[in-house]
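Good morning, and thank you for coming.

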Amino acid sequence: MNIEKLEAFLIQKDQPKFRLGQILRAVYQEGMAEFAEITSLPKNLRDELNEKLPILSFVAEKILEAKNGQSAKALLKLADGSHIETVLISPKPEMWSVCVSTQVGCPMGCRFCATGKLGLKRNLTAEEIVDQVLFWKQWLKKKFRNSELEIRNHDVSNIVYMGMGEPFLNWDNVSESLKILIDKNLFGFGSRAISVSTSGVTEGIEKMAREFPQVNLAISLHFADDAKRSEFMPVNKKDNLESLRQALKKYFQITNRQVFLEYIMLAGINDSAEDARKLAGYIRSIEKLQLLHVNLIRYNVTSDELQPSSREKTEHFKNMLSEMGISATIRKSLGEEIQGACGQLAGK
Ligand code: SAH
Ligand code: SF4
């Protein structure tokens, strides 16, 4: 929702001061999808708002739900006709995590990622980013309207910036969106319920440490070898492993908080014993061993060029890391069935 436009509209209509807060609460905290539902507003104002100001900045063209009820994906059409995707995942009962996109497409060109193949079309506005959260909040509310469980059990609890796009290449809008998510008068999420994932744009890592030290940071590392990382992730040519290490050191100095290192398991490419040793060596070189946690994710097939490592190999890789004193878990991929898993978002 465009808060500035709403405010201007209310002033123009000579509405009392408290109206704005009243509407913001109804939309951001109660998840009202229509002005008509906000019955505490005068009827004519509801009608006018309904006509003049859409609550969401996009329309959902398609919603796909996984059979197990643990994930859903929506294809959204923005005002300029471009498309993005957003995903809702329930990793455990009563936890609903929204995965937001930050760009239409992505300029980073990682070879294993479906979004990367699209290139960048444009940045999303802060409004378009937070509206993805609003969209799922409304969807959950409708879905569980008649359920015996109360709404509080079926509300968005977490937000991950892990959809389409590189958040740190759209920092102005991403930081604005974080402010809206955290603002007690708007969504009111705790910073620690929010995670931002970057492919390793070091400039952004420092900005986030300074501006949002309590928001979780995840880094898509995937390779602990510069030559390989550059081959699969062009970002590494500018921000290589050494500059990433410096950025992480600075991040720890400022926040002293845990960072998640994402590592996709690609058969025959980054899953050998040697790769595990390199990864452990790299993590040790950053020093704050206890603050780094590795998430191993088996590659979700997006092209014929690459294959995921086997389950056994992934398990073995994890055990090797543990033996070398590195904390690691294998992340279960939710959303595969709906092509809503990591790296599968391509806006179609
Ligand atoms: N652009 C940011 C945010 C997207 S997060 C980033 O790259 O961090 C999406 C996560 O899924 C990233 O860790 C990304 O590297 C990973 N990913 C991309 N393609 C994948 C694939 N095919 N299989 C598994 N993970 C993938
Ligand atoms: Fe962009 Fe992230 Fe995909 Fe790389 S993995 S292309 S940074 S969305």
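The protein is divided into domain 1 (3-52) and domain 2 (58-338), with bounds that come from an automatic or database domain assignment. Nine residues from domain 1 and 10 residues from domain 2 form the contact, where contact means heavy atoms within 4.5 Å. Between their centres, taken over C-alpha atoms, lie 34 Å.

A word on the basis: this is a predicted model, in which local features need pLDDT of at least 70 and side-chain atom pairs count only at pLDDT 80 or more, while totals for chains, interfaces and linings use all residues. Residues are numbered from 1 along each chain as its sequence is written, chains are lettered from A and ligands numbered from 1 in the order in which they are written, and side-chain values use heavy atoms, with hydrogens and water left out.

I turn to the interface. Domain 1 and domain 2 bury about 920 Å² between them, 57% of it on carbon and sulfur atoms; buried area is the accessible area (1.4 Å probe) that two parts lose on being put together, summed over both. On the side of domain 1 that touches domain 2, helix H2 (residues 18-29) gives the most, with four residues; helices are DSSP runs of H or I, at least four residues, numbered from the N terminus.

Finally, ligand 2. The residues around ligand 2 are Cys106, Met108, Gly109, Cys110, Cys113, Gly116, Gly165 and Ser199, each with a heavy atom within 4 Å of the ligand.

Definitions and conventions
Helix = DSSP H or I, 4+ residues; strand = E, 2+ residues; numbered from the N terminus.
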